[in-house]
Amino acid sequence: MSSSSHAPAAPIPISSPPSSSLHRNTSTSRGPRRQSTSTGTSSGGLGRRPSRVVHPPMVPKILSHDEAVEALRSFLRERSSYDVFPVSFRLIVLDTTLKVKKALEVMLLYNVVSAPLWNTAEAKFAGMFTVQDVIHLIQYYYHTSSWEGAAADVEQIRLFRIREVEKTLSVPPPPLLSVHPLRPLYDACRFLIRTHARRLPLIDKDTQTNGEVVISVLTQYRVLKFIATNCRDITQYLTSTLQDLGIGTYVSPEHDSNSENQFYPIATATMQTAVFDVVHMFSERGISAVPIVDDNGKVLDLYETVDVITLVRNGAYQALDLTIAQALKQRTADFPGVVTCSPKSSLSAVFSLIRMRRVHRLVVVAGPEDSQPGRLVGIISLSDIMRSLMGNDVPLGGSGIGAVPIDRELREEAAETGHEPFTLGQSVE
Ligand code: ATP
């Protein structure tokens, strides 16, 4: 494992870290059950959360990699989304009539990068406000307005209008996904992978009012952290290497003779690339990070969608014309660093890393034995790790795309299993 603010250091060590005792993920701060800008719901009729301790699964023997994967799937089948969350946690819910600028301020204040939306008029959950929405807004204003006009407009635009912006940009609206928190975690994970939703709002019904209640949001990070902290006895057997498992996206320019991108299919940038060009890559490719490389392909840094949010939050719309080198100087000091690994790292080592620190993606770089150590080899996102656990038979959904076929498929699956189907709707009105 390695991390640094401007240059990645050594790869993840293959050996396991020292053992630590089982503990639940209580990283979210303790506090009131909900702090919301919306008051449309009540938790009075809930109280259905099972109050049980998460016991680690029993592992009586040495497991092969495949057996360990199967044991993890069984673990996920026996748990619900409720199990992933600490007993007390904070949830920020944004009213759809809130102005975007205000919403960004609230998110900055509470240090969150996405939040569920609440339609107070209809007393209904109304989707998510995410980094991708902000990326779309930036693109919209870049094409349609002057900087002054954009800055003035962002002061006024309300959250429910973002879907109109997406229509103008011809970006498909994100499907309105949600899952009941008592559904097996395994189903929720499959749903995350199938829809490429990145996050899945957990919606319950208030038994007194029959109204919807937003419980929390399940993310890939939360699920993987939950597995890493509670299934150490299983993840230690995930001994196959990232390379052998094909986890992630890897440089293979020979597969695209028309491309001049020597890192094909990986989207990269240099320190001289304009921030807006990287924003365009995020939007066009549906990705959340771009490695920053030098002329020799050595990884210098990683520019992420959250970095753009920082720029926009600071009100520096013109900052999109900055180069990446200039924009990186505005990064806050608490940036956790770029985490790198070698293609020969095991999946077990990745879980050890997730157990120890907050990591959202790893950049795969050539090891010290290579003629060009530090050269970009690949990139691994949390969705790649989730996919390797859930199996390749889970088809790709595309970011927010394909809501209709997925909807049909899920309803068919629900009919077969007798489970209540996942909620899929259109978009925020
Ligand atoms: P997020 O990190 O936003 O929560 P995620 O885990 O799906 O979501 P993404 O960065 O959106 O991560 O990655 C989606 C897919 O694109 C993954 O298969 C990943 O390997 C691939 N990918 C990630 N970054 C790049 C990139 N710069 N170029 C090409 N493919 C990428």
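I take helices (H or I, at least four residues) and strands (E, at least two) as DSSP runs, numbered from the N terminus. This is a predicted model, so I note that local features need pLDDT of at least 70, side-chain atom pairs count only at pLDDT 80 or more, and totals for chains, interfaces and linings use all residues. Residues are numbered from 1 along each chain as its sequence is written, and side-chain values use heavy atoms, with hydrogens and water left out.

**Backbone**

I went to P265 and found this residue in the loop between β7 (249-250) and α11 (275-285). The peptide bond from Y264 to P265 is cis, and its omega is near 5°. R198 sits in the loop between α7 and β5 (199-205). I logged both because most residues other than glycine have a negative phi, and most peptide bonds are trans.

**Ligand**

The shell has 19 residues, and R198, T249, S288, R361 and D384 come nearest. I sorted the shell by class: 8 nonpolar, 7 polar and 4 charged. Here Ala, Val, Leu, Ile, Met, Phe, Trp, Tyr, Cys and Pro count as nonpolar, Asp, Glu, Lys and Arg as charged, and the others, Gly among them, as polar.

Which elements supply at least two residues each of the shell? I found β8 (289-293), β12 (376-381) and α15 (382-390). Of the elements, α15 gives the most, with 3 residues.

A polar side-chain atom of T249 lies 2.6 Å from a ligand oxygen. Q220 places a polar side-chain atom 3.2 Å from an oxygen atom of the ligand. For D384, a side-chain N or O atom is 2.6 Å from a ligand oxygen. Taken alone the ligand exposes 610 Å², and the protein buries 88% of that (Shrake-Rupley method, 1.4 Å probe).

**Helix pairs**

I used axes fitted to C-alpha atoms over the stretch in contact, with angles from 0 to 180 degrees between N-to-C directions. α1 (residues 65-77) and α7 (residues 185-195) pack at about 110°, axes 6 Å apart. That makes α1 roughly perpendicular to α7 (65 to 115 degrees). In contact (heavy atoms within 4.5 Å) are R73, L76 and R77 of α1 with L185, Y186 and C189 of α7. By class I get 4 nonpolar, no polar and 2 charged residues there.

The axes of α8 (residues 220-230) and α14 (residues 347-356) come within 8 Å and cross at roughly 100°. α8 and α14 are therefore roughly perpendicular to each other. L224, K225, I227, A228 and T229 of α8 meet F351, I354, R355 and M356 of α14. This contact divides into 6 nonpolar, 1 polar and 2 charged residues.

How values were computed
A residue is near a molecule or strand if one of its heavy atoms lies within 4 Å of it. A polar contact is a pair of N or O atoms within 3.5 Å; within protein, one must be able to donate a hydrogen and the other to accept it, and residues adjacent in sequence count only if both atoms are side-chain atoms. Angles under 35 degrees count as roughly parallel, over 145 as roughly antiparallel, 65 to 115 as roughly perpendicular and the rest as oblique.
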